[in-house]
Amino acid sequence: MKKKILIALLIMGGFISTLSAEQSLIRISTDETDLVLSVAPDGRLYQRYLGRRLLYETDLAHFADYASTGAGGSDAAKAWEAYPGSGAEDYFEPALAVTHNDGNMTTILTCVSSETKKLNGNVAETIIRMKDKVYPIEVTLHFMAYAKENIIKTWSEIRHQEKKPVTVWRYASGMLYFENARYFLTEFSGDWAKEVHLSTQELQFGKKIMDTKLGSRAAMHTYPFFELGLDGIPRENEGDVLMGTLGWTGNFQFTFEVDNTGNLRVLSGINPYASAYELKPGEVFVTPEFIFTISACGTGKASRNMHDWAREYQLKDGKGDRLTLLNNWEATYFDFDEKKLEELMREAKSLGVDMFLLDDGWFANKYPRENDRAGLGDWEVNRSKLPNGIPHLVQSAQKAGVKFGIWIEPEMVNPKSELFEKHPEWVIRLPNRETYYFRNQLVLDLGNPAVQDYVFGVVDKIMTENPGIAYFKWDCNSPITNVYSPYLKEKQNQLYIDHVRGVYRVFERVKAKYPSLPMMLCSGGGARCDYEALKYFTEFWCSDNTDPIERLYIQWGYSHFFPVKSMAAHVTSWNKDASLKFRTDVAMMCKLGFDISLKEMDEKELAYCQGAVANYNRLKRVILDGDFYRLVSPYETNHTAVMSVCKEKNKAVLYAYDIHPRFGEKLLPVRLQGLDPAKTYKIEEINLLPGSASRMRFSGKTYSGDYLMKAGLNLFTANRISSRIIEITQQ
Ligand code: GLA
């Protein structure tokens, strides 16, 4: 009878239950995934199931059948504690570890209550409250399920009422278990200008840890996301795969541990390295959000889940438009004056882009920003380069007919700056050792509220003085070095965490005051790209490496987790072996910009670029808001192809690139995806060089969606570094 009532409650959707010793099931579902937890009679919480969504509600009762089996019972293999504390009968990596006031290091959580609320037709939040029976410590687990997008995000809150602070030294955002024969992990690693390189390995007994200790430019070597193949190496269009990412702009850690029975636990959260946290009584430690999706049709579908969710719920102005731009960084570096900038503004207009973006080098007087060795921190316009100030530049842009955006790096300081002279106590650096500099700069101590005010003030002052500014590029070029916060004094173990929280406080204030200001997140290229930061940024800079060939790999990598709308890609003069058409065709796939002077183009090239920008503007909604399909991998072939299909399936843009074809290589047709098999589509090559016609036999013809997806098109050629952009329109 009890079971029936429980099932009835589950069917009704939202329910609130108070759990005592009574066993209970908690179901967290999306349209395609189920996560089932159960509370044992002793109150301990276990994960019973995680996988494809179950068809019949009545089947849930089967999980209740063995819900009474705690860890160590005959069904121990299925008794995975959902959020295990240290020191219990689980001998593997815990989700939570606390040193209590009496020095005891064990924590065993039991469930107090669970409630599921429907926030709207698509989103439901499950909140599970747990406590330790011996120590006054409480943990609340949150699960937010997005039905249509098949995304679940989870985080936890830790609080206590012991007399003195406790030390929390493990604080996972979430823990998931898998029971499969083999597990394959795809990680994304890199360095400056070598972002998101994919590699896959099979997990064996023991632990594999992916983490970072860089503090601020945290993702420079490894990225806060991963893929887990549950029935083989993760594949694009088939197989069960988990894709997970952590919303944390600092040190993160993913732990994959295969235990003695061959089961896998996946822990995600802040990296506890050098960060045992002193939590005061009543204070709440909120972990970052771990966001995951499970797909039964490979990584392609899982990526589209992420993209849809990000545009709908996470990314700043996720559903809005994006501005195309011309940036002066690679065109001028630090060497510019008003005349040069005004010329570039006119060039921006003639290209047809929306905005001119002024990069590094516009500020500081006592120690002018002539190079990267001085001036960071002094956000006053450099009077010798720009005697008429920023207001004049905003006006010039207006006159030229484009918007004006500006670069800042407000979390950093050069020792050669007035800010450093005035506030050496605002800088993270060691009082008793020689200072080590990364790009000649140091990181400001963002855990200090006075520094937060200052950093917010940088944006606020620029905006107050120049309300016409339409865009910011916010950079962060150094990891935390010389790890010592003058503000925290003897509490250095809080530095990494408090620093990131301080950064968020600033981001929050900026967003609250300037909610519709588009902003690009940059970190010496793409070393900051996580979904917490992206609440405050409309896009991020993928890499300082703008060689189009390298970009094909980098964009391929990021597209696993981020919608192309959030990925800034610029046409530059890197790799002169690649034509301007090829460079533009690569950047077209993402949020398009230029970082090149038109003087580097001949007439034909300029006309080509103008045409490409016009095409981009015309097709922007399909490119930026469509469903993204990775068709041919540059990792597996000498070519690559991707496509974006609009939600109505009546328009698509297809991109094909020949990278380095081999002599006599067999060129295979490419099967398209995402179209409606019953619709008829016209195929047309666009972005052609002025005066030239398409050499593609299919261009101008019509095909059924069925044919295009089954037989495919011969998109590739034997020409080195060549590209084609194809517009597909329902007839
Ligand atoms: C970083 C960014 C670049 C550029 C420079 C300016 O390297 O990634 O795009 O803004 O800083 O110094």
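Predicted model: local features only at pLDDT ≥ 70, side-chain atom pairs only at ≥ 80, totals over all residues.
Reader: How far is an oxygen atom of the ligand from an N or O atom in the side chain of Asp359? And what is the distance for Arg439?

Author: For Asp359, a side-chain N or O atom is 2.7 Å from a ligand oxygen atom. For the side chain of Arg439, the distance from an N or O atom to an oxygen atom of the ligand is 2.9 Å.

Reader: Now the helices. At what angle do α11 and α12 pack?

Author: Angles under 35 degrees count as roughly parallel. Helix α11 covers residues 580-587, and helix α12 covers residues 603-625. They pack at an angle of about 15°, with axes 10 Å apart. Therefore α11 is roughly parallel to α12. Their crossing is right-handed.

Reader: Which residues of α11 and α12 meet?

Author: Contact means heavy atoms within 4.5 Å. From α11 come Leu580, Lys581, Thr584 and Asp585. They meet Glu605, Tyr608, Cys609 and Ala612 of α12. By class, this contact has 4 nonpolar, 1 polar and 3 charged residues.

Reader: How far apart are the axes of α8 and α9?

Author: The axes are 9 Å apart, and the packing angle is about 30°. Helix α8 spans residues 449-465, while helix α9 spans residues 495-513. The crossing of α8 with α9 is right-handed.

Reader: Which residues of α8 and α9 meet?

Author: On α8, they include Gln452, Val455 and Phe456. On α9, Arg505, Val506 and Lys513 are among them. The contact divides into 5 nonpolar, 2 polar and 5 charged residues.

Terms used:
Residues numbered from 1 in each chain as written. Heavy atoms only, no water. Axes fitted to C-alpha atoms, helices over the stretch in contact; angles between N-to-C directions. Helix = DSSP H or I, 4+ residues; strand = E, 2+ residues; numbered from the N terminus. Parallel < 35°, antiparallel > 145°, perpendicular 65-115°, else oblique. Left-handed = near helix turned anticlockwise from the far one by under 90°. Nonpolar A, V, L, I, M, F, W, Y, C, P; charged D, E, K, R; others polar. Polar contact = N/O pair within 3.5 Å; in protein donor to acceptor, adjacent residues only side chain to side chain.
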